[in-house]
Amino acid sequence: MRHLTTVARLAVAATVLATLAACGGAEPAAAPPAPPPSEPVAPTEVTEAPEPPAATPVDACALVSKQDAEKLAGTPLDDPMPSGESCWFTGPVSGPVAQVEVHVGDGAKKMLDIDRDLDHEFETLSGIGDEAYLEDWNVFVNVSGVWVAIRLVRTDEPAEYNKRLTELARTVAGRL
C-alpha cells in the first residue's frame with residue numbers, strides 16, 4: 001500500500017502545481033527589456049573596386065612601317081604580315097635573304113628573358129624608352145610596361161646593322 005501513497009502524493013502535487021499555474025499563483029519570469037529605439041541604418045552596399053581598363057593592344061605593324069623595315073634590312077621587303085601581337089616583313093623570293101620581325105607585349109619580353117638565360121651579350125641603350133637593349137640582330141624596348149622586340153634576319157655581319165636597330169628602337173619608343 002505504501003506504493004499507492006507515493007503515487008497519491010505525486011498526483012496531489014501535480015494537481016496543486018497545475019492549479020497554481022492556472023490561477024496565476026506563480027509569477028512568470030520578466031520579459032527582457034525591449035532594445036532602445038535606433039535610427040534606421042542604410043544597408044551597406046559592397047562594391048568591388050573597378051577594374052582598370054584593359055590596355056589597348058598595340059599594333060605591331062603600325063609601330064614599324066614597311067619603309068622602316070626596308071631601311072633596317074637595307075633591301076626591299078614584301079608587305080607586312082600581321083599575326084597576333086607580331087608583324088613580319090619578309091624578303092622577296094628572288095632575294096636577298098632578309099626578314100624583319102616586330103613583336104609586342106609578353107612575347108617580346110619573353111624573347112629578351114630567353115636570350116638573357118642563354119647568356120647573350122647586351123648593350124644597354126640609354127635615352128630610349130624606359131629601358132632598351134641591343135644584341136646581335138635584336139633590339140628590345142620597354143615604354144610604360146609595353147615591351148617591343150625587333151629582330152632582323154640577314155646573312156651579313158650583325159654589327160653592320162646595330163646603328164639601324166638603335167635608330168629604329170628610338171623611333172618605336174617615340175610611337176608608343
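## Core and disulfide

Val64, Phe89, Val100, Val102 and Ile150 touch the most other members of the largest nonpolar core, which has 31 residues. A nonpolar core here is a set of buried Ala, Val, Leu, Ile, Met, Phe, Trp, Tyr and Cys residues joined through side-chain atoms within 4.5 Å, and buried means under 20% relative accessible area with a 1.4 Å probe, protein chains only.

Helix 5 gives the largest share, five residues. Apart from this core lies another, of seven residues, with Ala108, Tyr133, Trp147 and Ala149 among them.

As for Val100, its contacts (heavy atoms within 4.5 Å) include Ala69, Leu72, Cys87, Phe89 and Ile150, leaving out residues up to four places away in sequence.

Now the disulfide, meaning a pair of cysteine sulfur atoms within 2.5 Å. Searching the whole structure turns up one: Cys61 to Cys87, with S to S at 2.0 Å. The link is right-handed, with 100 degrees about the S-S bond. Cys61 sits in helix 2 and Cys87 in strand 2, so the pair ties together parts 26 residues apart in sequence. Both cysteines, Cys61 and Cys87, are buried.

This is a predicted model: local features need pLDDT of at least 70, side-chain atom pairs count only at pLDDT 80 or more, and totals for chains, interfaces and linings use all residues. Residues are numbered from 1 along each chain as its sequence is written, and side-chain values use heavy atoms, with hydrogens and water left out.

Definitions and conventions: Buried < 20%, exposed > 50% of the residue type's maximum accessible area, 1.4 Å probe, protein only. Helix = DSSP H or I, 4+ residues; strand = E, 2+ residues; numbered from the N terminus.
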